[in-house]
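Q: Could we go through this model together, slowly? I am new to reading structures.

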Amino acid sequence: MHEASIALSLIDVASEVLREHGAARASALTVRVGAWSSVVPEALTAAFPACAAGTPLEGARLSVVTVPGVGECPVHGRVTLDVKRGLRCPACGAPTPTLLAGDELELDEIELAEPDREDL
């Protein structure tokens, strides 16, 4: 399960964003995960709370948006790929060697938490 190390990396990136904006904590994160990224969204979601403990993201909600794989078929143009079929056009079965989308792992959004009264 490499999702724990991915969660730790996301927390590092998000913590840096918080520092850049002078924020103490985040209440939510949205991450875009491509269907072809080899990341299991459920495992990432499960690993996140334990990885975030003791960080500015402790208690933050993690939302994962799955991005479908998109390939370029020589006959049909842009097609949505099925991971189970591999890099092949779902309409004609032609190889689609170019993956246009679906391999991303991106921190898309951070919702800053309101400061606690003690932080003011």
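A: Let us start with a word we will need: a residue is called exposed when its relative accessible area is over 50%, and buried when that area is under 20%. Please keep in mind that this is a predicted model.

Q: Why do residues three or four places apart point the same way?

A: An α-helix has 3.6 residues a turn, and therefore residues with that spacing point the same way.

Q: Switching to the core: how many residues are in the largest nonpolar one?

A: The largest nonpolar core has 18 residues, and those with the most contacts inside it are Ile11, Leu29, Leu44, Phe48, Leu57 and Leu62. Helix 1 (3-20), strand 1 (26-34) and helix 2 (41-52) each supply at least two residues of this core, and helix 1 gives the most, with 6 residues.

Q: What does Leu62 touch, leaving out residues up to four places away in sequence?

A: With those left out, Leu62 touches Leu29, Val31, Leu44, Thr45 and Phe48.

Q: Which residues are in the second core?

A: That second, separate core has 5 residues, including Cys73, Val79, Cys89 and Ala94.

Q: Now the annotation: where does UniProt place the "binding site"?

A: The UniProt record, an unreviewed entry, places that feature at Cys73, His76, Cys89 and Cys92. They span 20 residues in sequence, yet no two of their C-alpha atoms are more than 8.8 Å apart, so they gather at one spot.

Q: Is Cys73 buried or exposed?

A: Cys73 is buried, with a relative accessible area of 2%, and it is found in strand 3, residues 69-73.

Q: What about His76, where does it lie?

A: His76 lies in the loop between strand 3 and strand 4, and His76 is partly exposed, with a relative accessible area of 40%. Not counting residues up to four places away in sequence, His76 touches Cys89, Ala91 and Cys92.

How values were computed: Residues are numbered from 1 along each chain as its sequence is written. This is a predicted model: local features need pLDDT of at least 70, side-chain atom pairs count only at pLDDT 80 or more; totals for chains, interfaces and linings use all residues. Side-chain values use heavy atoms; hydrogens and water are left out. UniProt positions are given in the numbering used here, feature names are shortened, and annotations may be inferred rather than shown by experiment. Helices (H or I, at least four residues) and strands (E, at least two) are DSSP runs, numbered from the N terminus. Buried means under 20% relative accessible area, exposed over 50%, partly exposed in between (1.4 Å probe, protein chains only). Contact means heavy atoms within 4.5 Å. A nonpolar core is a set of buried Ala, Val, Leu, Ile, Met, Phe, Trp, Tyr and Cys residues joined through side-chain atoms within 4.5 Å.
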